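Here is a short briefing on a protein model. Look at the structure first, then read the points below.

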Amino acid sequence: MSNVKNDAQIKEEKVSVLSKFWLCSADCLCGTANGLLTGGGMTYFFTSFLGLDEKLASAAWIIFAVWNAFNDPLFGYISDRTKSKLGRRIPYIRYGSFFYALFFVITWVKWPLGASQAALFAQMLITLFLFDTLYTAIATSLYVMPYTMAVSNKARSNIFLWKIFFSLISLSVPLVIFPLIKPEPGESPLKFQIIMASLGLLIFLVIFISTFFYKEKVQSENEVTENIFKAVISCFKNRSFVVFEVLSFTVIFIQTILMQGVIYYFDAFSNVPMLYAYGSLGLGAVFGVILWVKNTDVWGIKKCLLIMCIVFSSGAAVMVFFGKFLPVALICFFVAGMGFAGGMYLIPLMNGDVIDYDETVTGVRREGMYAGVNSFITKPAISFANSAFILIIKAFGYDMELSTAMQDDMAKQGILVAWMAIPALLLIICAFSLKFYPLAGEQWEKAKKELEEKHKS
């Protein structure tokens with residue numbers, strides 16, 4: 001009788017609507033700011049508008065990637081050991097929100113350092129360091145909150161469905177708004193800067209207020225005593241985590257380079273209307289959400305991810321060669337929408353299983369450490385995507401002093417190659433890597449249920 005009651009409690013585990021709304025709103029605006037800045041906006045602003053040499057911009061991203069290799073695991077290690085009345089994560093979200101918004105706003109203002117290439121390079125690099133330090137503290141904490149607010153995949157899945165809707169907003173703003181409001185070379189940036197400052201204020205208010213509407217439920221009952229180096233190594237000993245990182249890196253790389261590419265794509269191929277393309281992308285995302293949610297329990301997370309990788313890579317490969325033609329472009333945008341939906345729904349569920357598996361082995365919860373090491377792998381993907389894109393289009397003859405519409409045919413083809421070729425290859429690698437993912441089948445489902453019983457209310 002007791003076991004039946006416990007099972008019922010697990011199945012009925014719920015997270016309130018207000019908690020989901022405010023968590024996802026904060027995550028949405030945090031992601032929007034990051035998408036605008038690191039998803040191609042900053043690179044465009046500094047190279048095409050302020051005039052920073054593209055090689056120096058690429059160098060800034062590479063140097064910045066080194067910092068990213070250290071700060072994310074370090075924060076994850078620290079946050080797992082944070083003790084406060086608010087919990088382990090909320091203090092970083094609440095008190096970091098002001099500075100996060102501030103650094104976002106000052107990114108779009110030319111600092112009084114002079115107009116030299118060295119001054120612009122220094123401003124870009126300093127901005128990246130300041131902004132990302134706060135992004136790491138806030139985004140990592142928001143990222144792991146669903147795993148501490150709920151135990152069962154059913155309850156977590158419900159949070160991630162909300163996150164998909166809000167993530168579409170955070171992805172759409174950089175994709176749609178930035179190309180419309182970006183200042184062209186020689187124009188006054190004032191209107192653009194006012195919009196960014198207003199967005200910064202909204203970001204601060206929503207993230208700060210959100211922290212009063214959710215709390216951590218699942219925390220480790222044991223003290224974690226291993227040092228940071230052993231903690232990092234133990235993460236990589238988890239084979240499921242290694243496979244997860246292949247997919248996680250790919251998703252972040254693709255999101256970044258796709259947002260970077262659309263800044264150039266619609267100007268280069270004016271025969272593809274932005275409204276039609278994004279409409280197709282949205283329909284694909286809706287179809288993808290329905291497809292993955294409906295079939296996750298039937299096919300399993302592993303099989304769904306495999307299908308997603310194969311379909312998404314095929315669409316990206318076709319786009320490289322035929323993306324200038326409207327019918328093909330619309331189909332490929334639809335497929336990309338399916339891929340985005342899979343990345344936003346399936347990858348977090350996969351990550352939850354990886355963290356849960358670690359607890360079955362170690363007996364402790366280490367969401368922060370896994371989130372930090374995940375960022376250690378995926379944050380460089382942002383730098384590599386930005387660097388790779390501008391270097392590839394440059395190799396195809398793209399002239400940074402001309403508008404995209406004025407580029408020759410070879411440079412426009414280079415935009416398609418830089419935009420879609422690497423994502424197609426990475427997705428194929430992901431499909432092969434899933435062969436080695438162990439968290440599937442009856443044995444894992446049994447272990448998962450035992451863990452849910454351990455954390456029952």
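The buried residues of helix 15 are Trp444, Lys448, Leu451 and Glu452. Buried means under 20% relative accessible area, exposed means over 50%, and partly exposed lies in between (1.4 Å probe, protein chains only). This is a predicted model: local features need pLDDT of at least 70, side-chain atom pairs count only at pLDDT 80 or more, and totals for chains, interfaces and linings use all residues. Residues are numbered from 1 along each chain as its sequence is written, and side-chain values use heavy atoms, with hydrogens and water left out.

**Helix 15**
- Seen down the axis of helix 15, the buried residues fall within an arc of 100°, so they line one face of the helix. The arc is that of the directions from the helix axis to the C-beta atoms.
- Glu442, Gln443 and Lys446 are exposed on the other side of helix 15.
- Helices here are DSSP runs (H or I, at least four residues), numbered from the N terminus.

**Helices 11 and 12**
- Helix 11 spans residues 301-322 and helix 12 spans residues 326-362.
- Their axes come within 9 Å and cross at roughly 150°. Axes are lines fitted to C-alpha atoms, for helices over the stretch in contact, and angles run from 0 to 180 degrees between N-to-C directions.
- That makes helix 11 roughly antiparallel to helix 12 (the term is for angles over 145 degrees).

**Met145**
- Met145 lies in helix 5 (residues 117-149).
- Met145 is buried, with a relative accessible area of 0%.
- Met145 and Pro327 are 182 residues apart in sequence and 41 Å apart in space, C-alpha to C-alpha.

Definitions and conventions. Helix = DSSP H or I, 4+ residues; strand = E, 2+ residues; numbered from the N terminus. Parallel < 35°, antiparallel > 145°, perpendicular 65-115°, else oblique.
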